[in-house]
Amino acid sequence: MLLNREQSGKRWHLRPDGPPKVTGQLQYLTDMSSPDMIYGKVLRSAYPHARLLSIDTSEAEAMEGVHAVLTAKDVPGLNRFGIATPDQPVFCEDLVRYVGDAIAAVAADSPERAMLALAAIRVQYEELEPLDSTDAALAPGAPELHPHGPGNVLHRTEVKRGDAEQAFASCAYVVTETYYTPRQMHAYMETEGGLFVPDEAGRLNVYAATQHGYKDRMQLARIIGCPEEHIRVVSSPIGGSFGGKDELNVQPYGALLALRCGRPVKMHNSRKESVRAGLKRHPMKIEMQTGISREGILQAHRVRITADTGAYATLGAPVLNFCTEHCMGPYVIPHVDVEGVSVYTNNGLSGEFRGFGGNQAIFAMEGQMDRLAQMINMDPWEFRRRNLRQKHDPGPLNQQILPTDGLSQVWEALDRSDLWQKHLHPEEETSRPPWIKRGVGAAIAMHGAGLGYGIPDPAGGRLSLNAEGKIEVAFSYEEFGQGLVATLEIMLCDLFQCHTSDLSIVIGDTDRVPHSGSSTASRSTTMAWMALQRLQHGFRSKLLAVASEISGIPSDNLMTGPGGIWTKGQDSSSLSSSRLVAAYVELVQRGETKDWIFDTTFHYPTTPDHVVGGHYLYTYAAVAAEVEVNMLTGETRLLDTRHIVAAGPVINPMGYVGQIEGGSVMALGFTLTEDAVMQNSCYVTSNLDTYLIPTIKDIHTHLEVEAIEDLPEGDAFGPRGIGEIGSVALAPAITGAIHQATGVWVSRLPVPREELTRAFNVFLPEGVKPS
C-alpha cells in the first residue's frame, strides 16, 4: 500500500491537536503560568572536571526578590537521579563531572533576578584534566570518574557463538572497517521546563515534559523523601522529545524550590542551557571485521563497540545492549564475536534517542554489506538476499522471535521499485556539469520494539463511560508530537462505530491514568491496541446490558454507534449516551448493578528465551536513496527516498507517514550535517546557530512510503510502532549512494565534505569552469 491520499484508500484522520498547534493556540507545559509564581534557575559547573572546594551563597540569599537558594545540603532525600542507574547528583557535593552539572538552584521574582542571583554565588573549584575521549577514560592510570562504583566503565556486552577466529581463517573475502557516528542533538522545539505547584493539601503538582510520568514521580519521591502518591505528574502535551525528555532534567530543581518556597515555580531552559545539560545521541566507534565464502555467504563477524556515555549513566547500558543486538543486522552469521563497552567521560551526557543505538549499528553493518558485495562483484541487494534470516530463524541474539514474512517482503518490494532500478541502470550524466554526480543506495533493517527481555515493561489501560456520557479511555502515555491521540481516536471509533465527539481521551496524568509504561521503544501503539482488545468486550457487554434494561430490547439486538446505543436492522433507533448514563446511575443507586471501570494490566511481549534485552517483536524496513554529490564542494543532496515498512496494519495513515517522514529528516541530519562538537569536554556547538539541522531547503521533494500490512494468521499483537524505523536505515542508504556516485566509501558521520573533496581528485576538462 502506497501511503498517500490518492492511493491508500484509507481514511486520513485529522489530528485533533493539529489546528491548535499550527495556529499557536495549544498550551504546552512550558506555556503554563500561575498568578503567584516565581522563577527557578540552575547554576551549572564552570568546568567539565573539577573538585568542588566551597560554595558561598550568602550574597545571593541576601538579594531582594530572591526566595530560595538551594545546594546539596538542602536535598531532603536521595541526592541522585537516573531512570535506570541513579548516579547523577541533583546537586554536586565534591566533584563535578561535566559542564552541565548542577551546583545550586535559585528561585526569584523574575528570570532576570534569578540570573543575577546565580552570578552572586561564589564557587571555588580545583580544576582537573578532563577525560575528553573514551580512549583517555580507558587508559591505564586514568582517574576514576565514579570511584565508588564502576570506575570509568558503565557497562559491557558480549555475544559469542561459533568460532569466529577459525572461521575468518577459512573466509575467501574479509572486510575490516571502523565506523564513527556523531553526538546528535534531539533539537526539540520546546526546551526542557515546566511549572511546579504545591497545593494546600501538601501535594506537589508537576507540569513538565517527560515520556514516563510514573517513573518521574518515583524518582522525585526519592529526592523529596515523600510517598509517590504525594506527587502528581502531568506530562502532555509536549513540544517534541525523541527520547531526550525520558530522563529527569529540570524536575528535581523545580520540585525542591516549589516545596521550599511554598509557591509555584516556573522553570524553562534556554536553548544554550538545553545544549549544555541535555541528552545527546551516543557517539560511537564501531570496529567491524566481516568474512564471507567464495559464494558470498556470511561466515564470520567480529565487532567492537565503544560508546561515549558522558558523565552519568542515564540509559547508556540499555542503549549499548540494543546496539549490540542490532550490529549483526537481519542476517544469518554462524560465527560471531561481539563485544561492547559504554564508557564514562567528562563529555556531555549521552542517553535515550530515537533509534536507541540501532542507527549506529545499522550504519556500520550495512556499510559492511555494501563493501563485501563490491569485493565479489555482486549486486548489493542480491548479496543481502542471500544472507537474510528466514521466517523461522532465531533473532540476532539467537533468541526466539515472532515469525513474520516482513523481512522478505520489504526486500522484494524495494527490489522491484523504480528507485532501485536507477541503481541497476544509472542515467547518463550528459545534462549535468561533470563535477555533479548521482548515485542510488539501499539498506535493510530489523528493529526491535519494546524494552526487551528482563526489563520491566508494564502495560495496561482503562475504559469506562464517564459522567458526560462519553467513552473514556485512559493511558499513561504522552503525546509529544507523534500523533498518539489521533491514533487512539481511530482505534476507538473503529471498535465502537462511534464519532470522535463520543470520546474522551485521558493521557499523561498520574492522578487520572493507570500505569501503562513509558512512551518509548515504539511500544505505545501496540500496547494501546492490545489493551483495547482486552477491554472492549467487557465494556461493550456492560453498555448493552444496561441499554437492554432501559429499553427492554434484548442486548443481542443492540450495538454501539454514534451518540449512544442503536438497535440493529433497517428500522434502527438510538438510545443517547446521556440517557444511558442517567439510567445507569439510577441502577447503581438502587443497587441493581455494580459500579464499573474496566482496567487491564499486562506486559509487553518478550522472547521466552533468557536473553537480557532480547526482543520478540520486530519491525522491518528497506530504504533506497538517491543522492547528488558536488565533487568540488563535497556537498551531498538527497533527491529521492523510498521507505518500505512492514509493521502490521496501518491504523492512522497520516500519523504513519508523518512518523516515517520525521524519522527520515532526523536521519538526514545524522548522516550529513549534525554533530554537537566538543573540545576538551566543552561544547564548541553551544547553540542552534552553529548546529546544522536540515531545513526545508535540505529536504528532498519526493519521499514515498509503502506500508506492508500483512501479519501471520493468529498474530495477537496488532500494529507495530513505527516511531523509530524511519530513522535507522537511511544513513547507510545515503552512503551507499555516495559510493555509487563517487567511488568513495564513507565510514564517518556526518559525511565529511573535506574528506570527499580530497578523495575526489577532480580534474576538469580544459576550458570548463565550475558555476
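Colleague: What makes β20 and β21 a hairpin, and which residue in the turn has a positive phi?
Modeller: β20 and β21 have two residues between them, and Gly 563 in the turn has a positive phi of about 85 degrees. β20 (residues 558–561) and β21 (residues 564–567) run antiparallel and are joined by four bridges. Strands count as paired if DSSP finds at least two bridges between them, so this pair qualifies. Met 559 stands opposite Trp 566 in β21.

Colleague: What kind of model is this, and how are the residues numbered?
Modeller: This is a predicted model, in which local features need pLDDT of at least 70 and side-chain atom pairs count only at pLDDT 80 or more, while totals for chains, interfaces and linings use all residues. Residues are numbered from 1 along each chain as its sequence is written, and side-chain values use heavy atoms, with hydrogens and water left out. Helices (H or I, at least four residues) and strands (E, at least two) are DSSP runs, numbered from the N terminus.

Colleague: Why is α18 called oblique to α19?
Modeller: The axes of α18 (residues 653–672) and α19 (residues 730–742) cross at roughly 50 degrees and come within 9 Å. Axes are lines fitted to C-alpha atoms, for helices over the stretch in contact, and angles run from 0 to 180 degrees between N-to-C directions. Angles under 35 degrees count as roughly parallel, over 145 as roughly antiparallel, 65 to 115 as roughly perpendicular and the rest as oblique. The value therefore makes α18 oblique to α19.

Colleague: Which residues of α18 meet α19?
Modeller: Ser 664, Ala 667, Leu 668, Phe 670, Thr 671 and Leu 672 in α18 meet Leu 730, Ala 731 and Ile 734 in α19, where contact means heavy atoms within 4.5 Å. This contact has seven nonpolar, two polar and no charged residues. Nonpolar covers Ala, Val, Leu, Ile, Met, Phe, Trp, Tyr, Cys and Pro, charged covers Asp, Glu, Lys and Arg, and the others, Gly among them, are polar.

Colleague: What makes α11 roughly parallel to α19?
Modeller: The axes of α11 (residues 358–375) and α19 cross at roughly 30 degrees, coming within 8 Å. The crossing angle therefore makes α11 roughly parallel to α19. Ile 362, Phe 363, Glu 366, Asp 370 and Gln 374 in α11 meet Ala 731, Pro 732, Thr 735, Gly 736 and His 739 in α19. That contact has four nonpolar, four polar and two charged residues.

Colleague: Why is the pair of Tyr 98 and Tyr 312 called edge-to-face?
Modeller: Rings of Phe, Tyr and Trp (its six-membered ring) pair if their centres lie within 6.5 Å, and planes under 30 degrees apart count as stacked, over 60 as edge-to-face and the rest as tilted. The ring centres of Tyr 98 and Tyr 312 are 6.0 Å apart and their planes stand at 80 degrees, so the pair is edge-to-face. Tyr 98 and Tyr 312 are 214 residues apart and link distant parts of the chain. The whole structure has eleven aromatic pairs.

Colleague: How do you know that β16 and β28 stand at the edges?
Modeller: The open sheet of four strands has the order β16-β24-β25-β28, with mixed pairing. β16 (436–448) and β28 (702–708) each have a single partner strand, so one side of each is left without a neighbour in the sheet. β28 pairs with β25 (residues 636–646) in the parallel sense over seven bridges, and Thr 641 has Leu 703 in β28 as its bridge partner.
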